Amino acid sequence: FFRSSTVEERLTLQHLFQTKLTFKMKFTLVTVAGFATVANAFTPSAFMGKTSIAKNAVKSSSSLEMKYKVAVVGGGPSGACAAEIFAQEKGIDTILFERKLDNAKPCGGAIPLCMVGEFDIPETVVDRKVRKMNLISPTGVEVDIGDTLKPNEYIGMCRREILDKYLRDRAIEYGAQVVNGLVTAIDVPSDHKVSEDPYTIHYQEFQEGSSAGVAKTMDVDYIVGADGANSRVAKAMDAGLYNFAIAFQERIKISDDKMKFYEEMAEMYVGDDVSPDFYGWVFPKYDHVGVGTGTVVNRPAIKQYQKAIRDRAGDKISGGKIIKVEAHPIPEHYRPRRVQGRMALVGDAAGYVTKCSGEGIYFAAKSGRMAAEEIVKLMKGGSHLPTQAEVEETYLKKYDKLYGPTYAVLDILQKVFYSNNGAREAFVELCNSKYVQQVTFDSYLYKRVQGNNPLDDLKLLGETIGCLIRGYSNAKPDAEFSNPVESQKRL
């Protein structure tokens, strides 16, 4: 080609060739240098300090795909629903700690209709669809409620081991890694509220043939405490104390004929014989009934109250076989501190159980989901660790705005109607009112404080006063008990 060209053409072509060759060499050198720089960033160095990527094993091995590790401690509804949200995020590694994967938590097992739809709970998880509630007063007056329910409305009755496993398995399907182990301690950096230094979780991982498990540690960036009323996460973050009730339940297998009565029926007993400040229940499950009670003010007498609820149920459960005995603490109010640094509490660990009804499953699942959703948004794809102020301003503020009124109303009802036998008699009589039944069921099933008819509300006030007068005149006095240590005022 050069031979057939003029001198000027050959000089021009040689210049272009040399220029192109020089550019290629420079580009190659720059590229190689770039790869070398990236490679060096992930190679341990003697000069690396606490902030190096090699030192901080919590982060991903690629700065281009930054990841944070989130530990959810507790695999019940609150923990499983939180883990499900975290696991769907590419910028988050999700670890779910659960000490007992076949755990059957002592629980009435009632879930509202809105939870079935909102959390996609299949019918295979719901043992019974309760459409009638039988209320029994201290003197034995019975009131059936449920006539205001629509044909497609019901209260779901579940066994916790079935519900919890379903929610946990769904989180695993999304990518959550489950650790079958007991969290024993958490090392909290002194500056964790202002730094990104990792938390160190100490835990005993279950191992076949070992009663104690294998001691291990794990560094994580964020911790969600979903580990119940005796939360170790709450202890580690100094969340403060709260008062609690003891719930006691026996699962009793009764004959098929007796079980027919409870096919769509649940029972609620009130009276100082079954509880001085709560109620006793008979809730239907798949092939048995859960019979239980609870108390805050006289916890040492819980077995006495349990015997009383069995006696009150009488022939309806007679001849039944006790197949399981369960007891568990139930929180009575919010923890003083629910978020500290990069640790947040949900479910029972946060104190999200309503007074009066003692309901906690829905609020556990909802708080777990809400907390995770807000934390995920704040993490911005794994590029930012949320601060305490940010999580308080989002998760806590939204949760309290949504459900604060419900807790307040049920707290008032607890104080008014569960304080003595006269008030309990009034409560049962008041439930004869169709308006009361409508408001009660709508509030429970859909988790909204109902009652926006001023005329009916005013009429209800008059009926309440009348019921209280009659109740106090007919009721037997409450039994006295002395329990100065365990009996505490509701805080």
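## Close-up views of a predicted model

**View 1. Arginine 470 and glutamate 429 meet in a salt bridge, their closest N and O atoms lying 2.7 Å apart.** The two residues link distant parts of the chain, since arginine 470 belongs to helix α12 and glutamate 429 to helix α10, 41 residues apart. Arginine 470 is partly exposed, with a relative accessible area of 41%, and glutamate 429, at 29%, also counts as partly exposed. As in the other views, the coordinates come from a predicted model.

**View 2. Arginine 424 pairs with aspartate 478 in a salt bridge, with 3.0 Å between the closest N and O atoms.** Arginine 424 lies in helix α10 (residues 421–430) and aspartate 478 in the segment after α12 (454–474), so this pair ties together parts of the chain that are 54 residues apart in sequence. Arginine 424 is buried, with a relative accessible area of 0%, whereas aspartate 478 is partly exposed at 27%.

**View 3. Aspartate 400 and arginine 338 form a salt bridge through their side chains, at 2.9 Å from N to O.** Because aspartate 400 sits in helix α9 (residues 388–417) and arginine 338 in the loop between β16 (321–331) and β17 (339–340), the contact ties together parts that are 62 residues apart in sequence. Aspartate 400 is partly exposed, with a relative accessible area of 25%, while arginine 338 counts as buried at 11%. The structure holds 29 salt bridges, and a network of them links Lys132, Asp147 and Lys434.

**View 4. Helix α2 (residues 77–87) is mostly covered, with eleven of its eleven residues buried.** Among these buried residues are Cys81, Glu84, Ile85 and Phe86. The elements that cover them include the strands β1 (68–73), β2 and β11 (222–225), together with the helices α4 (160–174) and α8 (361–379).

**View 5. Strand β8 (residues 177–187) pairs with strand β2 (residues 92–98) in a parallel arrangement, joined by four bridges.** Within this pairing, leucine 96 has valine 178 of β8 as its bridge partner. Six bridges also join β8 to strand β9 (residues 199–205), and these two strands run antiparallel; here isoleucine 186 stands opposite isoleucine 201 in β9.

**View 6. One aromatic cluster is formed by Phe119, Tyr334, Tyr352, Tyr362, Phe363, Tyr399, Tyr403 and Tyr407.** Lysine 447 lies over the face of tyrosine 362, at 5.8 Å from the ring centre. In another place, arginine 335 lies over the face of tyrosine 242, at 4.0 Å from the ring centre.

Note on methods:
Residues are numbered from 1 along each chain as its sequence is written. This is a predicted model: local features need pLDDT of at least 70, side-chain atom pairs count only at pLDDT 80 or more; totals for chains, interfaces and linings use all residues. Side-chain values use heavy atoms; hydrogens and water are left out. Rings of Phe, Tyr and Trp (its six-membered ring) pair if their centres lie within 6.5 Å; planes under 30 degrees apart count as stacked, over 60 as edge-to-face and the rest as tilted. A charge sits over a ring if NZ of Lys or CZ of Arg is within 6 Å of the ring centre and within 35 degrees of the ring normal. Two strands pair if DSSP finds at least two bridges between them. Buried means under 20% relative accessible area, exposed over 50%, partly exposed in between (1.4 Å probe, protein chains only). Contact means heavy atoms within 4.5 Å. A salt bridge is a side-chain nitrogen of Lys or Arg within 4 Å of a carboxyl oxygen of Asp or Glu.
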